[in-house]
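Here is a short briefing to read alongside your structure.

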Amino acid sequence: MTAKSKRPTDWRKRFDSAKPPKTVLLHTDFAGIKAGSVMYIGSPGVFANYIARIPQGETRTISRMRNELARRNDAVATCPVTTAIYLKVVAEVALADMAQGKPSDTVVPFWRVIEPASKIAQRLSCDDSVIADLRAMEARTDR
């Protein structure tokens, strides 16, 4: 019996087929968010748009991004679980585009939010030094 080989994930398909953003009222505590709170659930497109608007050479924490998106959507919090999943999708689409020859200044600059030593960075298909290098490159060209 031969083992099935896992097909590579089609990140662009996951990006395009994600559910639309929404807010939900939590009936039970979830991921540190109290029951009765309104929680915002974004989409890869929402996170990509947020990241793309961060000025070159600047960064944001994931926590700050989640708080800003929650406020913009009349929610107490943004879902930390889907945020991590969708940030990975956004980053992998950008990495795939760069692997196909697109310059880094034409893709969603995920490195402005994902820190090189973060758990999300460890789950990406690139080494964390790639993120550090992209951040350093922007810092040099921002002067």
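Arg 64 has a relative accessibility of 39%, so it counts as partly exposed, a class that lies between buried (under 20% relative accessible area) and exposed (over 50%), using a 1.4 Å probe and protein chains only. The model is predicted, so local features need pLDDT of at least 70 and side-chain atom pairs count only at pLDDT 80 or more, while totals for chains, interfaces and linings use all residues. Residues are numbered from 1 along each chain as its sequence is written, and side-chain values use heavy atoms, with hydrogens and water left out.

**Salt bridges around Glu 68**

- Arg 64 forms a salt bridge with Glu 68, with 2.7 Å between the closest N and O atoms; the term means a side-chain nitrogen of Lys or Arg within 4 Å of a carboxyl oxygen of Asp or Glu.
- Both residues lie in helix α3, 4 residues apart, or about one turn of the helix; helices here are DSSP runs (H or I, at least four residues), strands are E runs of at least two, and both are numbered from the N terminus.
- Glu 68 itself is buried, at 16% relative accessible area.
- Glu 68 also meets Arg 72 in a salt bridge, at 3.9 Å from N to O.
- Glu 68 and Arg 72 are again 4 residues apart in helix α3, so about one helical turn separates them.
- Arg 72 is exposed, with a relative accessible area of 56%.

**How α2 meets α3**

- Helix α2 (residues 44–52) and helix α3 (residues 62–72) have axes that come within 12 Å and cross at roughly 110 degrees; axes are lines fitted to C-alpha atoms, for helices over the stretch in contact, and angles run from 0 to 180 degrees between N-to-C directions.
- The two helices are therefore roughly perpendicular, the class for angles of 65 to 115 degrees (under 35 is roughly parallel, over 145 roughly antiparallel, and the rest oblique).
- On the α2 side the contact is made by Val 46, Phe 47 and Tyr 50, and on the α3 side by Arg 64, Met 65, Glu 68, Leu 69 and Arg 72; contact means heavy atoms within 4.5 Å.

**The buried side of α2**

- Which residues of α2 are buried? They are Pro 44, Val 46, Phe 47, Ala 48, Tyr 50 and Ile 51.
- These buried residues pack against α1 (11–16), β2 (38–41), α3, β3 (77–78) and α4.
- Ile 51 of helix α2 is buried, at 1% relative accessibility.
- Leaving out residues up to four places away in sequence, Ile 51 touches Leu 87, Val 90, Val 108, Pro 109, Phe 110, Arg 112 and Val 113.
- Ile 51 and Arg 112 are 61 residues apart in sequence, yet 6.9 Å apart in space from C-alpha to C-alpha.

**Other salt bridges**

- Arg 112 and Glu 138 meet through their side chains in a salt bridge, at 2.6 Å from N to O.
- This pair links distant parts of the chain, 26 residues apart: Arg 112 sits in the loop between α4 (80–99) and α5 (119–122), and Glu 138 in helix α6 (residues 128–141).
- Both Arg 112 and Glu 138 are buried.
- Elsewhere, salt bridges with shared partners join Arg 12, Asp 97 and Lys 102 into one network.
- Across the whole structure, a search finds 6 salt bridges.
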